[in-house]
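Hi,

Here is the structure I promised to pass on to you. Have a look at it first, and then read on for what turned up.

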Amino acid sequence: MADYPKRILIVEDRQLDRKLLKDILESHGYETLQTGDGLEAIDLAVAKRPDLILMDIQLPDISGLEVTRRLKGDERSRRIPIIAVTAFAMGWHEREALDSGCDAYISKPISIFGFLRTVESFLSRFSDEFSSGLADLRSPVSK
């Protein structure tokens, strides 16, 4: 299987937060896609097949929880791990995110090292079962 950078979809409506996540991830060798729109996130997830999705819960058009439910209900995207990254920090918010299909929950403000550790653990955990099916969908990256 050809090597390619892990692709992460960032779904965040606040441009500053989206840029922060993008800069952190890209500085660590990840490829990113970004959107602030929940419906566009669904289209991007199905079309681009990211290795991981970082999902804000409070989006302007549709909640991140509803986006997650739709993605997990679709055969084409159900195996993509989704991590909720949100300012909602109460215990019941985490339970609600997990009940909606999120695989993990990170509250803002993020700890960069904890954030990267969580991202890396999901990418390594899901890479064997998910990414192997993407080999024919991605072109190799020249080194």
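In what order do the strands of the open sheet lie, and how do they pair? This is a predicted model, and in it five strands form an open sheet in the order E2-E1-E3-E4-E5, with parallel pairing. At the edges sit E2 and strand E5 (104-107), each of which pairs on one side only. From one strand to the next, the twist averages 20°.

Helix H3 (residues 64-72) packs on this sheet, where it touches E3 and strand E4 (82-86). The direction of H3 makes about 155° with that of E3.

On one side, E1 (residues 7-11) pairs with E2 (residues 31-35) in the parallel sense, over five bridges. Here isoleucine 10 stands opposite glutamine 34 in E2. E1 also pairs in the parallel sense with strand E3 (residues 52-55), this time over four bridges. In that pairing, leucine 9 has isoleucine 53 of E3 as its bridge partner.

What do E1, helix H1 and E2 make together? With H1 spanning residues 15-27, they make a right-handed β-α-β unit.

Finally, a word on confidence. The protein chain has a mean pLDDT of 87, and 83% of its residues reach 70 or more. Over residues 131-143, though, the pLDDT is below 50; in the model this stretch has 26 contacts beyond near neighbours in sequence.

Technical notes
Residues are numbered from 1 along each chain as its sequence is written. This is a predicted model: local features need pLDDT of at least 70, side-chain atom pairs count only at pLDDT 80 or more; totals for chains, interfaces and linings use all residues. Side-chain values use heavy atoms; hydrogens and water are left out. Two strands pair if DSSP finds at least two bridges between them. Helices (H or I, at least four residues) and strands (E, at least two) are DSSP runs, numbered from the N terminus. A crossover is right-handed if, with the strands pointing away from the viewer, the path from the first strand over the helix to the second runs clockwise. Axes are lines fitted to C-alpha atoms, for helices over the stretch in contact, and angles run from 0 to 180 degrees between N-to-C directions. Contact means heavy atoms within 4.5 Å. pLDDT is the predictor's confidence in each residue, from 0 to 100.
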